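This report describes a single protein chain and its ligand. The sequence and structure are shown first, and the account follows.

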Amino acid sequence: MNVILLGPPGAGKGTQSQLIAQKHTIPQLSTGDMLRAAVSAGTPVGLKAKKIMADGGLVPDDVVVGIISERIAEPDCVRGFILDGFPRTLPQASSLDRLLTSKGLKLDRVIELKVDDMALADRVEKRARETLAAGGTVRPDDNADALKTRLMAYYRETSPLIGYYYAHGLLKSVDGMAPIADVTRQIDEILA
Ligand code: ADP
């Protein structure tokens, strides 16, 4: 099963994709997590991505497409995967199509998490507060300025993917404002 979770920053993609990954025993491929790991490790990709990410911008398409194509080739992806945070632009979506076709694979579903804009800032703020309270380190892009840039990037670059996947007959939307367990239930029904 090859699935994409689509939605603005703070929509709950990470939370839901982890739950789906556990349930279906397929890996969650989060480009955000992979890039953060590259930044921590100080790899060439990490050095390139660090400031762009902290500012809330998008890392160049060729960089993330490279990361994903390597990751999809790993043995744990043979039964499928959940893409969380990728693709984020139309060129990334076309690259993914080509990549999957070349491997004889296809997408099964694209699930859009629909949320109110006004809720997103609150959720990101809450995540930062809870991380701090738990003694963790707040993501450098979980602040008001970077969030504004992330939202703009979402509306400008990523939201056109909703039309793209709708046109391909792959899109299903769920109410991302519902409690976490309800959102999971909606997604389960779609993937059943
Ligand atoms: P969120 O969805 O909460 O904004 P992510 O963890 O998915 O957070 O991504 C964090 C940052 O990583 C993005 O703001 C962007 O800078 C970078 N990033 C992640 N995925 C991509 C991608 N597919 N294309 C370009 N940049 C990406």
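## The loop between E3 and H5

Pro87 has its place in the loop between strand E3 (81-84) and helix H5 (90-102); helices (H or I, at least four residues) and strands (E, at least two) are DSSP runs, numbered from the N terminus. The model is a predicted one, in which local features need pLDDT of at least 70 and side-chain atom pairs count only at pLDDT 80 or more, while totals for chains, interfaces and linings use all residues. Residues are numbered from 1 along each chain as its sequence is written, and side-chain values use heavy atoms, with hydrogens and water left out.

The peptide bond that leads from Phe86 to Pro87 is cis, and its omega is near -5°. Most peptide bonds are trans, and most residues other than glycine have a negative phi.

Thr89 is also found in the loop between E3 and H5. With a relative accessibility of 3%, Thr89 counts as buried; the class buried means under 20% relative accessible area, exposed means over 50%, and partly exposed lies in between (1.4 Å probe, protein chains only). The side chains of Thr89 and Asp61 are joined by a polar contact of 3.0 Å. A polar contact is a pair of N or O atoms within 3.5 Å; within protein, one must be able to donate a hydrogen and the other to accept it, and residues adjacent in sequence count only if both atoms are side-chain atoms.

## The ligand and its shell

The ligand is surrounded by 20 residues, and the closest are Thr31, Arg36, Gly57, Gly85 and Gln92. A residue is near a molecule if one of its heavy atoms lies within 4 Å of it. By class, this shell holds seven nonpolar, six polar and seven charged residues. Here Ala, Val, Leu, Ile, Met, Phe, Trp, Tyr, Cys and Pro count as nonpolar, Asp, Glu, Lys and Arg as charged, and the others, Gly among them, as polar. Helix H2 (residues 31-41) gives the most to the shell, with four residues.

| Side chain | Ligand atom | Distance |
|---|---|---|
| Lys13 | oxygen | 3.1 Å |
| Arg88 | nitrogen | 3.0 Å |
| Arg139 | oxygen | 3.0 Å |

Taken alone, the ligand exposes 550 Å², and the protein buries 96% of that. Accessible areas come from the Shrake-Rupley method with a 1.4 Å probe; for residues, only the protein chains shown count as cover.

Helix H1 (residues 13-24) has twelve residues and reaches 16 Å from its first C-alpha to its last, close to the 16 Å expected at 1.5 Å a residue. The expected span is 1.5 Å times one less than the number of residues in the helix. Lys13, Gln16, Ser17, Ile20 and Ala21 are buried in H1. These residues lie on the same side of H1, because they cover an arc of only 140° around the axis; the arc is that of the directions from the helix axis to the C-beta atoms. Gln22 and Lys23, on the other side of H1, are exposed.

His24 also lies in helix H1 and, at 23% relative accessibility, counts as partly exposed. Between His24 and Met1 there are 8.7 Å in space, C-alpha to C-alpha, and the two are 23 residues apart in sequence.

Thr25 is found in the loop between H1 and strand E2 (28-30). Phi of Thr25 is near 40°, a positive value in a residue other than glycine. Thr25 is exposed, with a relative accessible area of 57%.

Leu161, Ile162, Tyr164 and Tyr165 are buried in helix H8 (residues 160-167). They are on the same side of H8, because their arc around the axis is only 165°. On the other side of H8, Tyr166 and Ala167 are exposed.

Glu112 has its place in strand E4 (residues 109-114) and is buried, with a relative accessible area of 7%. Its side chain makes a polar contact of 2.6 Å with the side chain of Ser173.

## Two further positions

Ala73 is found in the loop between helix H4 (61-72) and E3, where Ala73 is exposed, with a relative accessible area of 51%. Lys126, found in helix H6 (residues 117-133), is partly exposed, with a relative accessible area of 43%. The C-alpha atoms of Lys126 and Ile20 are separated by 23 Å, and the two residues are 106 residues apart along the chain.
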